[in-house]
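Please look over the model shown here.

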Number of protein chains: 6
Amino acid sequence: MTRPSGRAADQLRQVTLTRHYTRHAEGSVLVEFGDTKVICTASVEGGVPRFLRGTGQGWITAEYGMLPRSTGERMQREASRGKQGGRTLEIQRLIGRSLRAAVDLKNLGENTIHIDCDVIQADGGTRTAAITGACVALVDALGVMKQRKLIKRVPPVQMIAAISVGIYQGEPVLDLDYPEDSAADTDLNVVMTDKGGFIEVQGTAEAAPFTAEELNAMLELARKGIAELFAHQAAALEA
Amino acid sequence: MTRPSGRAADQLRQVTLTRHYTRHAEGSVLVEFGDTKVICTASVEGGVPRFLRGTGQGWITAEYGMLPRSTGERMQREASRGKQGGRTLEIQRLIGRSLRAAVDLKNLGENTIHIDCDVIQADGGTRTAAITGACVALVDALGVMKQRKLIKRVPPVQMIAAISVGIYQGEPVLDLDYPEDSAADTDLNVVMTDKGGFIEVQGTAEAAPFTAEELNAMLELARKGIAELFAHQAAALEA
Amino acid sequence: MTRPSGRAADQLRQVTLTRHYTRHAEGSVLVEFGDTKVICTASVEGGVPRFLRGTGQGWITAEYGMLPRSTGERMQREASRGKQGGRTLEIQRLIGRSLRAAVDLKNLGENTIHIDCDVIQADGGTRTAAITGACVALVDALGVMKQRKLIKRVPPVQMIAAISVGIYQGEPVLDLDYPEDSAADTDLNVVMTDKGGFIEVQGTAEAAPFTAEELNAMLELARKGIAELFAHQAAALEA
Amino acid sequence: MTRPSGRAADQLRQVTLTRHYTRHAEGSVLVEFGDTKVICTASVEGGVPRFLRGTGQGWITAEYGMLPRSTGERMQREASRGKQGGRTLEIQRLIGRSLRAAVDLKNLGENTIHIDCDVIQADGGTRTAAITGACVALVDALGVMKQRKLIKRVPPVQMIAAISVGIYQGEPVLDLDYPEDSAADTDLNVVMTDKGGFIEVQGTAEAAPFTAEELNAMLELARKGIAELFAHQAAALEA
Amino acid sequence: MTRPSGRAADQLRQVTLTRHYTRHAEGSVLVEFGDTKVICTASVEGGVPRFLRGTGQGWITAEYGMLPRSTGERMQREASRGKQGGRTLEIQRLIGRSLRAAVDLKNLGENTIHIDCDVIQADGGTRTAAITGACVALVDALGVMKQRKLIKRVPPVQMIAAISVGIYQGEPVLDLDYPEDSAADTDLNVVMTDKGGFIEVQGTAEAAPFTAEELNAMLELARKGIAELFAHQAAALEA
Amino acid sequence: MTRPSGRAADQLRQVTLTRHYTRHAEGSVLVEFGDTKVICTASVEGGVPRFLRGTGQGWITAEYGMLPRSTGERMQREASRGKQGGRTLEIQRLIGRSLRAAVDLKNLGENTIHIDCDVIQADGGTRTAAITGACVALVDALGVMKQRKLIKRVPPVQMIAAISVGIYQGEPVLDLDYPEDSAADTDLNVVMTDKGGFIEVQGTAEAAPFTAEELNAMLELARKGIAELFAHQAAALEA
């Protein structure tokens, strides 16, 4: 099997994390997994949703969007259609759940952190790139919250990263790009913590069902790839 | 650990599949997993979505809803809110993907089968009950299609069933009911074929991350439970 | 004239009222008028709409829906269309007005009772079945309110029931089923109290205009049929 | 009993029908029932809704709206709320059904007549004024259709008019204005043909239930009032 | 060049301002610029939008609509389409900004004045007629606010009026009607105060770009026309 | 007067035009006016809107959006609110009209060019930056259309650019940034062709009305600034 990109089966695309990418947000990161490019911002607002008022606890929520021509064919703009599609809602729910695992919400005070992930160029793996970049933006936003004295100290963060794996032409491969994704038999998105635990595992048989062995092989690849992503995150945060 | 219901860790709730539950649909099944009750109908319509026209191939799509008072607290009716929520869209996309794995769409002619899963009483596991019941409704609808000569023969069906598993008080348990679901550390929905392959695996850490070992233990439980569901489906279809 | 069902002109279909049909709602009734089956729930919530706040008075409101395949041809799901149709809104306004006549709202405290009527199988007369069943669910909800000490005593209830009548092949008939309803010259929905007063009278000439004599003949039939419905309600509530 | 307006119980308000009120529509009538003022236009368009295509038959449909400050308190504009309310939909469905009784749709060719009834000032009875005015606009539109050779001859028209009646302070009164309408025990809208048949009878008990005797007394009043409305229509059409 | 209407290049259409046109609104004016007819109401409500609460300052906001058959071809009703179009929003934003220039909002107390401009017949220039008429309605509403003691005195009002000018067949013309508007090379809407200052200048090249000289010639025409409009406003307010 | 940025009154911000910014679109330009950054894509699609079908003519249309945290305070995402706001619609209508002046639509064949302008960072002047960048993206898209043989030759393009000018602290200034824009007395957006003609002139008095002299001074500044923008466009297109 040869991957369309010529990568090894266990090889990530070029990963770049650019902090302070835009100026206004408390955290702003451009994340690139090869040709997939996502702007991730973390915006801090006082107050929490109604169900948390008075609890002293904070909240993290996420929204996701794609620019209409981030893709090969122009997609209709969701704002002009008047609603977000099912895929969009599914992805932003996943991002939100994943990021809420990064930090104990009790440590945020009654503040909300809005994560916005906007895809400016898509080549497969936008949701996993988004989670990986958003976690860095979240860390930056926590630093700003401390500076603004919204919180007394930056709380401990369990770093979160995500990658897609799949069965392509019968073999497990890491970090599917769009040509692989469209042709894969199985597609699995994995979200992990830097302690090695799973936060989300979402696998879908696109063509043939997959076996427990294939699942475990894919999880192993994911674990390896995510370990590299944690290194990228750490390097970016130290820069 | 004692389950709130007193069930053993690997014990399903009482499963009932009532065919021909309502009169108009080509397939109509009431599925009950304990107190969770879902009406699953399969409706046959001539024609396919635009992207399939002229291909000679059919389509299967699904929608999901909950009656406003199927739950402990009344939920706002989605029709009056003016949109379906993210959870609803996510579930109906899952049901649709799962059911499309049951039959080769090339065997349907240019017809669409609409799967509607409406929860009349919820006690956890509505999406897995829906998939399990909808597959039986689908089989009945295929029989009607043959009678109406929309297809020449009933195509081979790969039966599909689904169950939730989770880590409850540190132990893997099968078929979570609502009290378990709300308290579980991890929730995993598994969709399988009767050949033993996985169609969907969706695991979410609600509290602490889960390990590969826990994932495999849960998958093992799921496999056992789903095998029982296939027996229930077969018995219902023979009746 | 022979009715498609073989019933006498003044004969109701088989009427069944099943209380405690689902588990969560304060009142939950499955009402069946022949093949027409509607789940009616009454849900109690603290608080009232803004225009009643501070008045000490309660509120009763209703919503109505049909499962997509409750009908001979699948209807588009209103939640996915993004709005309720005119027929739906008209019917739920009728149900709400009718039920508010059952009890003096001053006796409810500042609580709201939501009536949800969801048609799981339609064969004509869904709105009249809904009103008839919902009144029983309302009585059950009042009992629960008393148990929960939301009200001191169960207030007096004026029972409400409803039936359709029409001119079918030139003759007045009671309780139209779908084949009659589609072919009727005139369709009249009548809502009454158990004291014999009219709450709503809504007559529509589908084909030819109707006369005052025909109207009175239809009202007479309705009165007879509704008297039987009150007996069914009473029997159900005594059970 | 004295009516707030000083009118006799069986006395209509001043009725005015101004044809050719606006310039563009094929039929355009300003109808005034006292201080209630409604612009009714009939617009002719080629083509019919999908369910009638190829039948050679035409269609009549209606929409209704109120200017935001046609009422004592400003109402929110439905266009900016993003949906029409239940009352609006109910009224426009009534207007449409009523006008479709005026003419045999087979005589219209495959053309659609859109009736628009827009209330510029409201003082009770807007729906009945709308129906009464719209029927005159419809007649004018049929004349234009003949001129434009869309139809060979103006088809026979069964004139349609409508009035409200009610029980006010215990007595039946004709043509309720807003102060009466808000205080009435019962409100009944009646739509009739010039042959004396009923097209719609919609009665609602606002406070106490009403009796068959009251209903018949109200219908008698309505019949008298509508006869006068037919005279107003005829005079307007002859002018 | 001859204008379709035979008017001189610098000649307004017949202008009429009818105060107290409808009964309920605090200010209600029918404005006519030839065949363009707009009902402008000013409605006073206690309270202000959230961003002004507690400032002691008032607010003026505007909405605009067209009756479906105010135009040569029937337009779809925005309330039934479920949203206001871009042109509508653009015009109502313009009306709102223009009217807020008429009075110092600090003089209104925490009250909101809603301006509603509804076109009942369109023949070009609806937005400029609307602004001109709405300013008179605003003055009337301020008088009512004083009577109701919502404000201590009627604040000073800078009268606002508006006109369209354009380049038609190569020459600047004043107050374009619909036939001119559809054929014009350039269309310019001008809003001024009675002190001679500009509030809004919105020019659009429909066909060929326009020059600074043409712009100045159009502005000169506008100034002349608006001076006449101020005279019409003053005469109406003195009547 | 000193501008917050220290710029001279007639000085543009740093202007950058980056072609081929994203990969999929036929034209893709990142335009920067200082800290204002907008991604402009031009997407080519076969077919035209209904009103142009069969005319052999093409169409250019535009959409505009802002990322939620492109601004100092996070704005609600329009896709999740379910509608585009009035400001958005107004801007995208302006962009569309402006770009349609760049090329004779008869030269496009029955193809549509979708212009998407998405603001990733806002600091005033987003609409003028968008128009200036989009015109370059349009030129690139025309080149691709020729390569793909959708058109025989690249048609002549009249370059279009836009700038804002205003009265800031009593003096006319060019290219307002956000701090100036929020404090300006008057704000004027000017769109011109490279032949020196005006396409759009939109001036709004934010505080005090403006005079004809001020308008002319602002237009003079705009003309100077736009000449520089044409040089930037030319340089980018030659690169």
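This is a predicted model: local features need pLDDT of at least 70, side-chain atom pairs count only at pLDDT 80 or more; totals for chains, interfaces and linings use all residues.

The report below takes one chain, then the chain pairs, then a single residue.

Every value below is computed from it.

## Fold of chain A

Chain A holds five helices and nine strands. Along the sequence they come in the order β-β-β-β-α-α-β-α-β-β-α-β-β-α. The chain is as compact as a globular protein of its length, because its radius of gyration is 18 Å and the globule rule gives 18 Å for 239 residues. The C-alpha trace spans about 55 × 40 × 35 Å along its principal axes.

How much of chain A is buried? Of its 239 residues, 60% count as buried. Contacts in chain A also reach across the sequence. Take those with a separation of 6 or more: 69% of them join residues 24 or more positions apart.

## Surface and charge of chain A

The accessible surface of chain A is about 8,800 Å². Carbon and sulfur atoms account for 48% of that surface.

Chain A carries 27 positive and 30 negative side chains. The centres of these two sets are 10 Å apart.

## The interface between chain F and chain A

The size of an interface is often given as the accessible area lost when the parts come together. For chain F and chain A, the buried area is about 3,000 Å². Carbon and sulfur atoms give 44% of it. Which residues of chain F lose the most area to chain A? They are F:His24, F:Arg69 and F:Arg74. Together these three make up 25% of what the chain F side buries.

The contact count can be read from both sides. On chain F, 38 residues take part, and they meet 38 residues of chain A.

## Pairs without contact

Some chain pairs do not touch. Chain B and chain E share no contact, and their closest C-alpha atoms are 11 Å apart. Chain C and chain F do not touch either. For chain C and chain F, the nearest C-alpha atoms lie 11 Å apart.

## A closer look at B:Asp140

Where does B:Asp140 sit in chain B? B:Asp140 lies in helix α3, which covers residues 126–147. Is B:Asp140 buried or exposed? B:Asp140 counts as buried, because its relative accessibility is 10% and the cut-off for buried is under 20%.

Which residues does B:Asp140 touch, leaving out those up to four places away in sequence? The partners are B:Arg19, B:His20, B:Glu26, B:Gly27 and B:Leu237.

Definitions and conventions. Residues are numbered from 1 along each chain as its sequence is written. Chains are lettered from A and ligands numbered from 1 in the order in which they are written. Side-chain values use heavy atoms; hydrogens and water are left out. Helices (H or I, at least four residues) and strands (E, at least two) are DSSP runs, numbered from the N terminus. Buried means under 20% relative accessible area, exposed over 50%, partly exposed in between (1.4 Å probe, protein chains only). Contact means heavy atoms within 4.5 Å. The radius of gyration is taken over C-alpha atoms; the globule rule is 2.2 Å times the number of residues to the power 0.38. Accessible areas come from the Shrake-Rupley method with a 1.4 Å probe; for residues, only the protein chains shown count as cover. Lys and Arg count as positive and Asp and Glu as negative; His and the chain ends are not counted. The place of a charge is taken as NZ of Lys, CZ of Arg, CG of Asp or CD of Glu. Buried area is the accessible area (1.4 Å probe) that two parts lose on being put together, summed over both.
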